[in-house]
Amino acid sequence: MKDKKLWFSMLLVGMSLGTAWAIRGQFGHEQGAAWAGAIGSLSILLVAKREDWLSKAFSVTLAGAVGWGLGGMMSYGMVVGYGRANDFINVFYGLSMLFVIGGLYGFIGGGFFGFALLNPKKTKVEWPRLIVEMVVSGLIFYFFMIEQFGWNMTPPRAEHWAICFGLAVALSTHLIRNKQYAPLRVAVFASLGGGFGFAFGNFLHVLGRVSEIDFNFWNVMEYSLGFFGGLGMSYGAFTATWETNEEEELGNTELLSLLGVSLLIPFIVWQQSFTSDRIGSMLEKVNFSNLSLGVNITLWFSLVLILAFSVLSYRRIKALNSGKFPYAEIKIFFVGLFAIYIVFSWLITGAFLSTYRIEQYLYLVNFVVIVLLINRAAVSFDNSNTNQLSMINVKSWFYGLIGVTILIALLAVVAINTHGELDHSQKRFGKVETSVKSE
């Protein structure tokens with residue numbers, strides 16, 4: 001019974017992060033990934049229903065958002081092209097490198113989320129030191145791996161994956177040194193989930209193109225990364241042992257974090273994505289007659305939506321005058337943040353005027369299912385195990401990595417036997433054929 005509850009709870013988190021990551025496909029980069037990471041982090045808190053976690057919901061959510069967002073600097077368009085090749089070496093390489101990229105997304109995102117859940121009165125939670133260590137490590141690893149050794153993954157694209165690799169090394173080193181094994185467990189499982197999800201998603205993307213079904217299979221790949229990343233992050237969080245956090249008064253940290261999640265991240269997405277040229281091009285595609293009017297309405301409506309949500313959320317939380325946030329308030333915030341992301345996607349794609357992007361309405365289906373079922377989710381935490389090292393099973397993780405590698409090889413074999421030469425394919429080893437969609 002406990003296993004069924006656990007898997008049901010994980011499924012809802014996977015659907016939340018999967019849907020949000022698919023929406024992120026319209027916006028991309030760090031800010032789009034951060035918004036998706038915030039939704040995934042909030043879904044874990046709502047499923048867990050721990051009062052001590054809800055009392056720091058906004059700071060934990062912001063940490064998760066920043067962690068997942070950092071991976072947004074990585075380019076993967078060329079790597080997806082490798083997965084569309086017609087020989088085993090290039091396809092296996094492409095899927096494996098997507099496993100690395102997705103794994104880095106999950107490791108940093110899950111690690112930041114778990115680090116924010118720690119009780120600062122029982123262990124050292126030194127954000128400034130962690131950030132300095134990660135920045136230095138990221139620069140050092142990039143310099144040696146790329147500039148000195150030339151270990152390029154995606155030439156001629158930016159090799160920022162090496163920076164993220166350095167960030168992950170510093171994060172894991174910091175957690176191990178301070179014996180903070182719970183967030184390390186979250187990071188590892190989020191990494192395995194996100195990595196497998198990205199590789200498997202590219203496999204589905206290739207099969208979808210071969211099928212010639214008129215659907216956005218690139219978005220299927222993005223959903224897969226978020227879905228499996230959410231499964232991994234939630235499993236790590238729900239099966240770890242956590243110290244209970246003491247209730248504190250409502251402080252500036254939570255209020256500022258609330259503004260970071262509800263205002264700063266959405267505003268950056270708006271500023272970077274809602275440009276007059278992009279909106280005008282979308283309106284032309286859906287045959288909207290008055291382009292000037294349509295552009296102005298879209299720009300101002302989306303901006304006012306952000307401001308209204310942020311102000312209302314801030315006023316509601318501050319009016320509580322308590323560090324104990326009711327479950328209902330956090331759910332309202334989750335629903336609002338999630339709904340606005342869907343509305344933004346509809347606005348930027350024109351889905352509110354035309355049905356040419358059918359996947360846009362599947363976001364709504366997922367959203368409704370999640371909102372209706374999330375109250376039924378329940379997780380039982382086992383805090384009786386005082387042996388923190390028991391959360392770290394390197395041998396099992398290594399076998400898991402070997403198993404995923406074998407599975408990726410099998411996916412590569414299946415993929416190359418389903419098609420000949422595909423458009424937008426790339427060869428890392430051999431002649432480069434054509435260009436690929438930019439990320």
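Predicted model: local features only at pLDDT ≥ 70, side-chain atom pairs only at ≥ 80, totals over all residues.

Me: Fine. Which side chain does H174 make a polar contact with?

Reply: The side chain of E133, at 3.0 Å.

Me: Is H174 buried or exposed?

Reply: Buried. Its relative accessible area is 0%.

Me: What is H174 in contact with, beyond its neighbours in sequence?

Reply: F115, E126, R129, L130, E133 and Q180. That leaves aside residues within four places in sequence.

Me: Which helix does H174 lie in?

Reply: Helix α8, residues 161–177.

Me: How many residues of α8 are buried?

Reply: Twelve of its 17, so the helix is mostly covered. Among them are W161, I163, L167, L171 and H174.

Me: What do the buried residues of α8 pack against?

Reply: Four helices are listed: α4 (57–70), α6, α7 and α9.

Me: And how far does α8 reach from its first C-alpha to its last?

Reply: It reaches 24 Å, close to the 24 Å expected at 1.5 Å a residue. Just after α8, K179 takes a positive phi of about 55 degrees.

Me: Which residue just after α14 takes a positive phi?

Reply: G350, at about 80 degrees.

Me: Switching to salt bridges. How many does the count come to?

Reply: Ten.

Me: Let's take D423. What does D423 form a salt bridge with?

Reply: R84 is one partner, with the closest N and O atoms 2.9 Å apart. D423 lies in the segment after α16 (394–416), and R84 in the loop between α5 (77–82) and α6 (88–117), so the pair ties together parts that are 339 residues apart in sequence.

Me: And the other partner?

Reply: R209. The closest N and O atoms of R209 and D423 are 3.3 Å apart. R209 lies in helix α9 (residues 181–211), so this pair ties together parts that are 214 residues apart in sequence.

Me: So what do R84, R209 and D423 form?

Reply: They are linked in a network of salt bridges.

Me: Why does R84 count as buried?

Reply: Because its relative accessible area is 2%, and the cut-off for buried is under 20%.

Me: Where do D52 and R50 come in?

Reply: Their side chains meet in a salt bridge, 2.9 Å from N to O. Both D52 and R50 are buried.

Me: OK, T239 next. Where does T239 lie?

Reply: In the loop between α10 (217–238) and α11 (252–273). T239 is partly exposed, with a relative accessible area of 27%.

Me: What does T239 touch?

Reply: L6 and R185, not counting residues up to four places away in sequence. With R185 there is also a polar contact, side chain to side chain, at 3.0 Å.

Me: Which backbone oxygen lies 2.6 Å from the side chain of T239?

Reply: That of Y235. The distance is to a polar atom of the T239 side chain.

Me: How far apart are T239 and A182 in space?

Reply: 8.9 Å, C-alpha to C-alpha. In sequence they are 57 residues apart.

Me: Last topic, the surface. Which residues make the nonpolar surface patch of about 690 Å²?

Reply: V132, V136, I140, F143, F144, F149 and W151.

Me: Pick V132. Where is its place?

Reply: In helix α7, residues 127–148.

Me: Why does V132 count as exposed?

Reply: Because its relative accessibility is 53%, and exposed means over 50%.

Technical notes:
Residues numbered from 1 in each chain as written. Heavy atoms only, no water. Patch = residues over 30% accessible without salt bridge, like charges linked within 9 Å, V, L, I, M, F, W, Y side chains within 5 Å. Areas by Shrake-Rupley, 256 points an atom, 1.4 Å probe, with all protein chains shown as cover. Salt bridge = Lys/Arg side-chain N within 4 Å of Asp/Glu carboxyl O. Helix = DSSP H or I, 4+ residues; strand = E, 2+ residues; numbered from the N terminus. Buried < 20%, exposed > 50% of the residue type's maximum accessible area, 1.4 Å probe, protein only. Polar contact = N/O pair within 3.5 Å; in protein donor to acceptor, adjacent residues only side chain to side chain. Contact = heavy atoms within 4.5 Å. Expected span 1.5 Å × (residues − 1).
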